[in-house]
Amino acid sequence: MTNKQPVPETPPEEDRLEDRVYDPNRLLDTLIQHLNLKNDAALSRALEVAPPVISKIRHHRLPVGASLLIRMHEVSELSIKELRRLMGDRRAKFRISDKQFKPKPSAGKDSPKS
C-alpha cells in the first residue's frame, strides 16, 4: 500500500477562475500573439480602428462592442465564443433589453398644429 496523494483534478478549460473575470487585456494580448503583431498600434491597424480605441479598452473605459468583436473574429478567425471566453464573458446567450427597442415617446408630435 502506497501513501500516494490523490492528484487534484484540474477544472475544465471553461470553468477556470481566470476565464470568469472580465479582462479585455487577455483578449487583446491573445490577439496580438495570434496575429504575430508587435504592439497595440499594430493591432489597431489590423482591426482598422483608431489606436485610442485599444487603449480605452485596455483601461476599461470602453467595452468591447459587438462590431469590434465581429472584426476580431474576421481578422483572427477565432470563434466569437472563444473571443468572448478570452475576455471573460461566459454568458450562454446575449440578451438585449426590451427597453432598447421601444420608441421614445414624442411630446406633442401627433397633435394638430393651429
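Guide: Start with a cut-off. A residue is buried under 20% relative accessible area, exposed over 50%, and partly exposed in between. The model here is predicted. Glutamate 48 has a relative accessible area of 63%, so this residue is exposed.

Visitor: Where is glutamate 48 found?

Guide: Glutamate 48 sits in the loop between helix H3 (40-47) and H4. Look at its backbone too. Its phi is near 60°, a positive value in a residue other than glycine.

Visitor: Which other residue has a positive phi although it is not a glycine?

Guide: Histidine 60, with a phi of about 60°. This residue follows H4. Its loop runs between H4 and helix H5 (66-76). Histidine 60 is partly exposed, at 49% relative accessibility.

Visitor: Back to glutamate 48. With which side chain does it meet in a salt bridge?

Guide: First the general idea. A salt bridge needs a side-chain nitrogen of Lys or Arg within 4 Å of a carboxyl oxygen of Asp or Glu. Glutamate 48 pairs with arginine 71, at 3.5 Å from N to O. Arginine 71 lies in helix H5 and glutamate 48 in the loop between H3 and H4, so the pair ties together parts that are 23 residues apart in sequence. Arginine 71 is partly exposed, at 22% relative accessibility.

Visitor: By this rule, what does the count of salt bridges come to?

Guide: Five. One of them joins arginine 58 to aspartate 40, at 2.7 Å from N to O. Arginine 58 is in helix H4 and aspartate 40 in helix H3, so this pair ties together parts that are 18 residues apart in sequence.

Visitor: Is arginine 58 buried or exposed?

Guide: Buried, with a relative accessible area of 17%.

Visitor: Which residues are linked with Arg58 in a network of salt bridges?

Guide: Asp29 and Asp40.

Visitor: Which salt bridge does arginine 85 form?

Guide: Arginine 85 bonds to glutamate 82, with the closest N and O atoms 2.8 Å apart. Here both partners lie in helix H6. They are three residues apart, about one turn of the helix. Arginine 85 counts as buried at 14% relative accessibility. Glutamate 82 is partly exposed, at 26%.

Visitor: Now H4. Which are its buried residues?

Guide: They are Ile54, Ile57 and Arg58. To read such a set, look down the helix axis. In H4 the buried residues fall within an arc of 100°, so they line one face of the helix. Next, ask what that face meets. The buried residues of H4 pack against H2, H3 and H5.

Visitor: At roughly what angle do the axes of helix H2 and helix H4 cross?

Guide: At roughly 135°. The axes come within 8 Å, with H2 spanning residues 24-34 and H4 residues 51-58. That makes H2 oblique to H4. The cut-off matters here, because angles over 145 degrees would count as roughly antiparallel.

Visitor: Which residues in H2 meet H4?

Guide: Pro24, Asn25, Leu28, Asp29 and Ile32. On the H4 side they meet Ile54, Ile57 and Arg58. By class, this contact has five nonpolar, one polar and two charged residues.

Visitor: Take asparagine 25. What is its relative accessible area?

Guide: The value is 22%, so asparagine 25 counts as partly exposed. Its place is in helix H2. Its C-alpha atom is separated by 8.6 Å from that of histidine 59, which lies 34 residues away along the chain.

Visitor: At what angle do H2 and helix H6 pack?

Guide: About 125°. Their axes are 6 Å apart, and H6 covers residues 80-87. H2 and H6 are therefore oblique to each other. H2 brings Pro24, Arg26, Leu27, Thr30 and Leu31 to the contact. H6 brings Leu83, Arg85, Leu86 and Met87. By class, the contact of H2 with H6 has six nonpolar, one polar and two charged residues.

Note on methods
Residues are numbered from 1 along each chain as its sequence is written. This is a predicted model: local features need pLDDT of at least 70, side-chain atom pairs count only at pLDDT 80 or more; totals for chains, interfaces and linings use all residues. Side-chain values use heavy atoms; hydrogens and water are left out. Axes are lines fitted to C-alpha atoms, for helices over the stretch in contact, and angles run from 0 to 180 degrees between N-to-C directions. Helices (H or I, at least four residues) and strands (E, at least two) are DSSP runs, numbered from the N terminus. Angles under 35 degrees count as roughly parallel, over 145 as roughly antiparallel, 65 to 115 as roughly perpendicular and the rest as oblique. Contact means heavy atoms within 4.5 Å. Ala, Val, Leu, Ile, Met, Phe, Trp, Tyr, Cys and Pro count as nonpolar, Asp, Glu, Lys and Arg as charged, and the others, Gly among them, as polar. Buried means under 20% relative accessible area, exposed over 50%, partly exposed in between (1.4 Å probe, protein chains only). The arc is that of the directions from the helix axis to the C-beta atoms.
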